[in-house]
Protein chains: 2
Amino acid sequence: MPADDSRTTELADLHNARQRLQGVGVNTPLLESPLLNEAVGKRVLIKAECLQVTGSFKFRGAWSAISALPESTRRKGILAYSSGNHAQAIAYAAALHNVPATIVMPNDAPQSKLANTRDYGADVVLYDRPGGESRESIGAALAESRGYTLIKPYDNSDVIAGQGTCGLEICEQLKARNIDHAEILVCCGGGGLTAGIALATEAHPGLTVRPVEPADYNDVQRSLLSGTRESNNHSTHSICDAIVTPAPGVLTFPIMHRLCGSALSVSDANVLVAMAIAYQRLKLVIEPGGAVALAAALFNNGAIESDTVVCTASGGNVDATLFTQALNTTLPHSFRF
Amino acid sequence: MPADDSRTTELADLHNARQRLQGVGVNTPLLESPLLNEAVGKRVLIKAECLQVTGSFKFRGAWSAISALPESTRRKGILAYSSGNHAQAIAYAAALHNVPATIVMPNDAPQSKLANTRDYGADVVLYDRPGGESRESIGAALAESRGYTLIKPYDNSDVIAGQGTCGLEICEQLKARNIDHAEILVCCGGGGLTAGIALATEAHPGLTVRPVEPADYNDVQRSLLSGTRESNNHSTHSICDAIVTPAPGVLTFPIMHRLCGSALSVSDANVLVAMAIAYQRLKLVIEPGGAVALAAALFNNGAIESDTVVCTASGGNVDATLFTQALNTTLPHSFRF
């Protein structure tokens, strides 16, 4: 059965989610590099969500949603579908609650994401994504037959509230640095993290949240322009597996439309450079989908007005072959090793 | 002229250094991975000093020492010798103080360390390490001729106090987790970080600091056993450039001898595995010299008694070719990707 996931998420929900995360999640650092700042010509602050439990911000939402369930519902089991980061997060959050979890994952997900999800103790059910199978219908059928609660990756108000705790931390970390004006670039798939951070920063007029997407999967960018939920066509491939989603979420889009600034999009080639820069300057391992925000700061500089830019580095679960490819990328001269 | 570097460092010096570092250095996170804990069979907490400003803990000591100098002394300029991490730290700390810095570096230092030190604005003077030139005599001569203050990499009480701030943070971070018994494995070259953390933890009887070195450069291990400063012979090579030092420091050894538990040593092969594990499980870029502590937790498990082990990940400044080599290392089965 589905969780109560159609409620409108409010700021109080974020604070409640944060309470539940206390002592379980990581208050991730906001990092910077003087040489990177110099190269970009702005102050670039990296919210290092790759250091979050299970290697991505997704643990915030997964824990928030599972811990919000009534005990009698939770113990029957949890079901999720995910390309990998929500999968690992749900698997581990369920394991900490000592309840069973089943995760529906695409058969072309990164090997490390599949292996980790199993290692956290979840039952992984593969579906044929390239062949066109629908994870939504497989997930709904499994939830029904097993009596598990489906926790969607972004269209769930407790998930959005959990992701928003990242935004609460950003606000505090900026305040500690006496920064009240900044653009916050958020790696955006279905919009859970983006909407959550937008809610967290709503009361801060100097902070603007801007979604960042892969150029060929810029559904949010187009949707914000048209004012209605636009879809991607799936004819192209992107290395940004974590944020390749069909369309903005039903719950997340109205929040993004109400609160976000214009979106940005970046090429896969620029994402590889951003991964190399994060390695070089920040000593962080960032996966492609978690590097689009930094890539925008590096390559869409002209479209960013503020002197300070916050980039979410939303995950770090990347297979070694792809990471090595990033390290072998030829960097533009201003970003040389 | 040399700074006043022969004073015995005391706990109060650490607290003063921490005051000076406030708002300049990073309070680095203490991270863990449930899958790593499971593989090791202990709780493994990583003090992520690779996320410190300039990519290593060395910024703590550099800032501590430079900020402690009288303004009239400081503005004449700073001189240091270093294989690379102290170099970058001194270069950037001097730049923040707007004073000139000259750094004596070996001609076989990692390319990124040489480039970064120059990019932070320092004048880099190369010496022929493989050819047997002495950095100490070159440094002393330059300090004399230029009127600069020499800040040694570890035999300086303000440097030791600065590195000790890492230990103050570890104590607080363990307390926040209700942990009062742990072995703290510290990547050890000349002993500045090890001695500093040992001073910070002296009042905590449940915490034991243990130096970790490369197997062929285990001068501290042998010195702790013999009770006198033993030297390394320089016939072998180690990938752990940051902690390949001739002998324990004159100031650091008495502190280590008084306060530390027995030392551990690890092979270069095991260091490469530790770097891969840090990539895989913690999303951290760790250089070889910064990975010896984690390598000891992984491979010297039988020599560690406590259920909780803290590993300093002391730096992340590693060239991409060597990092790629680590990612291509075959992992033992229990640590597979």
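Okay, let's start with a residue on the outside: Asn98(A) is exposed, with 71% relative accessible area. Keep in mind that this is a predicted model. Asn98(A) sits in the loop between α5 (85-96) and β4 (101-106) of chain A.

Now over to chain B. Asn98(B) is in the loop that runs between α5 (85-96) and β4 (101-106) of chain B. Its phi is near 60°, so here we have a positive value in a residue other than glycine. Buried or exposed? Asn98(B) counts as exposed, at 71% relative accessibility.

How many residues does the contact take from each chain? You get 28 residues from chain B and 28 residues from chain A. Between them, chain B and chain A bury about 2600 Å², and 64% of that is on carbon and sulfur atoms. As for salt bridges between chain B and chain A, the count is zero. Polar contacts are another story: there are 13 residue pairs in polar contact between the two chains, counting pairs with both residues at pLDDT 80 or more.

Which helices of chain B are involved? At least two residues each come from α2 (34-40), α6 (111-119), α12 (268-282) and α14 (320-327) of chain B, on the side that touches chain A. The most comes from α14(B), with four residues. If you sort that side of chain B by class, you find 18 nonpolar, five polar and five charged residues.

Lys283(A) is in the loop between α12 (268-282) and α13 (288-299) of chain A. Lys283(A) is buried, and yet it has no salt bridge. Where is the nearest side chain of opposite charge? That's Glu287(B), 7.2 Å away, and a salt bridge needs the lysine nitrogen within 4 Å of a carboxyl oxygen.

Terms used. Residues numbered from 1 in each chain as written. Chains lettered and ligands numbered in written order. Predicted model: local features only at pLDDT ≥ 70, side-chain atom pairs only at ≥ 80, totals over all residues. Heavy atoms only, no water. Contact = heavy atoms within 4.5 Å. Buried area = accessible area lost by both parts, 1.4 Å probe. Polar contact = N/O pair within 3.5 Å; in protein donor to acceptor, adjacent residues only side chain to side chain. Nonpolar A, V, L, I, M, F, W, Y, C, P; charged D, E, K, R; others polar. Buried < 20%, exposed > 50% of the residue type's maximum accessible area, 1.4 Å probe, protein only. Lys, Arg positive; Asp, Glu negative; His and termini not counted.
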